[in-house]
Amino acid sequence: MPQFLVASDLDRTLVYSNRALALDVPDRLAPRLLAVEVHDGKALSFMTEQAAALLAEIAALAPVVPITTRTRAQYERIHLPGPTADWIPPYAVCANGGHLLVDGVPDQDWQREIRTRLDERSAPLPEVVEHLALAADPEWTHKRRVADELFAYLVVERAELPPGWVENLTAWCAERGWTVSLQGRKVYAVPAPLSKSAALEEVRRRAGARTVLAAGDSLLDAELLLAADLAWRPGHGELAETGWTAPDVTALTETGVGAGEEILRQMLKHLR
């Protein structure tokens with residue numbers, strides 16, 4: 001039975017796209033980077049080499065649980081460094097809690113439990129998808145997507161969003177048991193029962209861990225951080241922009257890929 005469990009969001013918490021790296025130092029002083037995601041032959045996401053070494057050390061001491069809003073297919077493009085070359089996280093959570101992978105395999109019991117919760121507590125997905133189609137102006141909407149038949153999101157030109165549009169969408173969704181999150185250029189509409197914290201509690205129960213360490217940067221991560229015993233958020237992202245904080249949550253000043261490294265360094269101190 002492990003004493004610790006380490007749970008973390010991925011994008012803009014542990015791994016960073018080119019756009020999110022935020023390398024504000026002269027090029028000659030930039031850290032060496034390790035590509036951890038490749039898609040269509042192109043490297044998409046990175047960690048610093050030091051962060052990769054820290055994560056591998058952490059994974060040798062405690063179960064590491066990636067918890068992401070990515071679909072399962074998007075998550076499986078990520079290859080996190082671990083204590084061995086063929087390391088796979090013992091648990092992983094995709095689609096904001098919609099999928100629980102155990103040793104890389106979807107857990108059917110969790111799938112059935114999630115479907116029951118969605119049917120009982122939130123409006124059906126097609127209703128929200130239809131509303132998004134009507135509310136999203138093609139002038140500033142690049143894409144409309146449905147993720148794993150669980151939630152929906154838009155890719156938008158953020159600077160062109162009309163004043164109050166996100167707030168109006170948030171209110172409409174809240175009346176139907178859904179939540180809204182704006183992350184970079186993506187506007188997510190997610191059923192409230194579909195949460196990272198609920199999936200984390202299930203993993204914690206199965207693993208029997210006494211202490212959970214967690215990290216995340218977006219509003220969809222807030223419940224995850226609150227469910228942990230100790231947590232960290234970077235100096236960027238929705239939580240930082242809104243000044244969100246809570247007891248036992250450390251608000252770091254570091255931003256970009258350097259924040260990911262600092263999060264892992266702080267976690268490792270508690271595991272040693």
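Is Glu139 buried or exposed? In this predicted model, local features require pLDDT of at least 70 and side-chain atom pairs count only at pLDDT 80 or more, whereas totals for chains, interfaces and linings use all residues. Residues are numbered from 1 along each chain as its sequence is written, and side-chain values use heavy atoms, with hydrogens and water left out. Glu139 is exposed, with a relative accessible area of 66%; buried denotes under 20% relative accessible area, exposed over 50%, and partly exposed the range in between (1.4 Å probe, protein chains only).

Glu139 is located in the loop between helix 4 (125-135) and strand 9 (141-147); helices (H or I, at least four residues) and strands (E, at least two) are DSSP runs numbered from the N terminus. Together with Asp137, Glu157 and Glu160, Glu139 forms a negative surface patch. In such a patch, residues have over 30% relative accessible area and no salt bridge, with like charges joined within 9 Å and nonpolar side chains (Val, Leu, Ile, Met, Phe, Trp, Tyr) within 5 Å. A positive surface patch consists of Arg19, Lys143, Arg145 and Arg185. Arg19 belongs to the loop between strand 2 (16-17) and strand 3 (33-39) and counts as exposed, at 70% relative accessibility.

Side chains of opposite charge can pair when their charged atoms come close. The structure holds 20 salt bridges, each defined as a side-chain nitrogen of Lys or Arg within 4 Å of a carboxyl oxygen of Asp or Glu. One of them joins Arg70 and Asp11 (2.7 Å, N to O). Arg70 lies in the loop between strand 5 (64-66) and helix 2 (72-75) and Asp11 in the loop between strand 1 (4-8) and strand 2, so the pair ties together parts that are 59 residues apart in sequence. Arg70 is buried, at 10% relative accessible area, while Asp11 is partly exposed, at 28%. Both residues also belong to a network of salt bridges that includes Glu37 and Arg77.

Arg204 forms a salt bridge with Asp229, with a closest N and O separation of 2.7 Å. This pair links distant parts of the chain, 25 residues apart: Arg204 is in helix 6 and Asp229 in the loop between helix 7 (222-227) and strand 14 (230-233).

The count of disulfides (cysteine sulfur atoms within 2.5 Å) is zero. Cys94 is buried, with a relative accessible area of 0%, and Cys173 is buried at 1%.

How values were computed: Accessible areas come from the Shrake-Rupley method with a 1.4 Å probe; for residues, only the protein chains shown count as cover. Lys and Arg count as positive and Asp and Glu as negative; His and the chain ends are not counted. The place of a charge is taken as NZ of Lys, CZ of Arg, CG of Asp or CD of Glu.
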